[in-house]
Amino acid sequence: MVFLRSHFSFELPPVLRGGRLYLRTPLMDDYNAWASLRLNSREFLAPWEPSWPADDLTRAAFRSRIKRYMRDLADDTAYPFFIFDQNNDLAGAITIANVRRGVAQMASLGYWIGSPFAGQGLMTEAVQTVMGYAFGQLRLHRVEAACLPANEPSRRLLLRCGFTQEGYARQYLQINGMWQDHLTFARLGNDPQS
């Protein structure tokens, strides 16, 4: 925490609590749990994520990631959270990213869950919890999300959490080394609660 105080002059977002989990800003102390979960979930995550750099799981790369998170928080451009279950085990991550202010007041939602925690409803709770923060404290009007057409669990998750499917974006993001089409979704702050 000394690193944060000496290099950045802002408060970290609060710990967000859901029914069986809590979300908090990633810290350097999370490295071992994060690297282990990512390594053990690599095959599970690879089809849905950008290709991992060769040094992705190194402590140095994680340190750079934490520094970027802190810059993004200080600049009000992204709000990263790690997801912890009721046993304090790291289960995944969720990020409110690409925050745009002014007339837009919108952001993008991204998330991943480690393979041991998939299918347990934790990501549903995490999305619902972070949406309260996005529309409450951050005062966003719109949050967008996207997923690969073949990612049926993610599509169902977004619909369950009150997102509306709005379109189909061709070659939207580079996932697993290829430009891939995505389904696009959005949720407005005044949409009915899920």
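At 0% relative accessibility, Cys 161 falls in the buried class. Cys 147 is buried too, with a relative accessible area of 3%. In this predicted model, the disulfide count comes out at zero. Cys 147 takes part in no disulfide, and the nearest cysteine sulfur, that of Cys 161, sits 12 Å away. Seen from the other end, Cys 161 has the sulfur of Cys 147 as its nearest, again at 12 Å, and is likewise in no disulfide.

Stepping back to the fold, the chain carries six helices and eight strands. Read from the N terminus, the order of elements is α-β-β-α-α-α-β-β-β-α-β-α-β-β. The radius of gyration is 16 Å, close to the 16 Å that the globule rule gives for 194 residues, so the chain is as compact as a globular protein of that length. Along the principal axes, the C-alpha atoms fill a box of roughly 45 × 35 × 30 Å.

Taking contacts between residues at least 6 apart in sequence, 61% link residues at least 24 apart.

Note on methods: Residues are numbered from 1 along each chain as its sequence is written. This is a predicted model: local features need pLDDT of at least 70, side-chain atom pairs count only at pLDDT 80 or more; totals for chains, interfaces and linings use all residues. Side-chain values use heavy atoms; hydrogens and water are left out. A disulfide is a pair of cysteine sulfur atoms within 2.5 Å. Buried means under 20% relative accessible area, exposed over 50%, partly exposed in between (1.4 Å probe, protein chains only). Helices (H or I, at least four residues) and strands (E, at least two) are DSSP runs, numbered from the N terminus. The radius of gyration is taken over C-alpha atoms; the globule rule is 2.2 Å times the number of residues to the power 0.38. Contact means heavy atoms within 4.5 Å.
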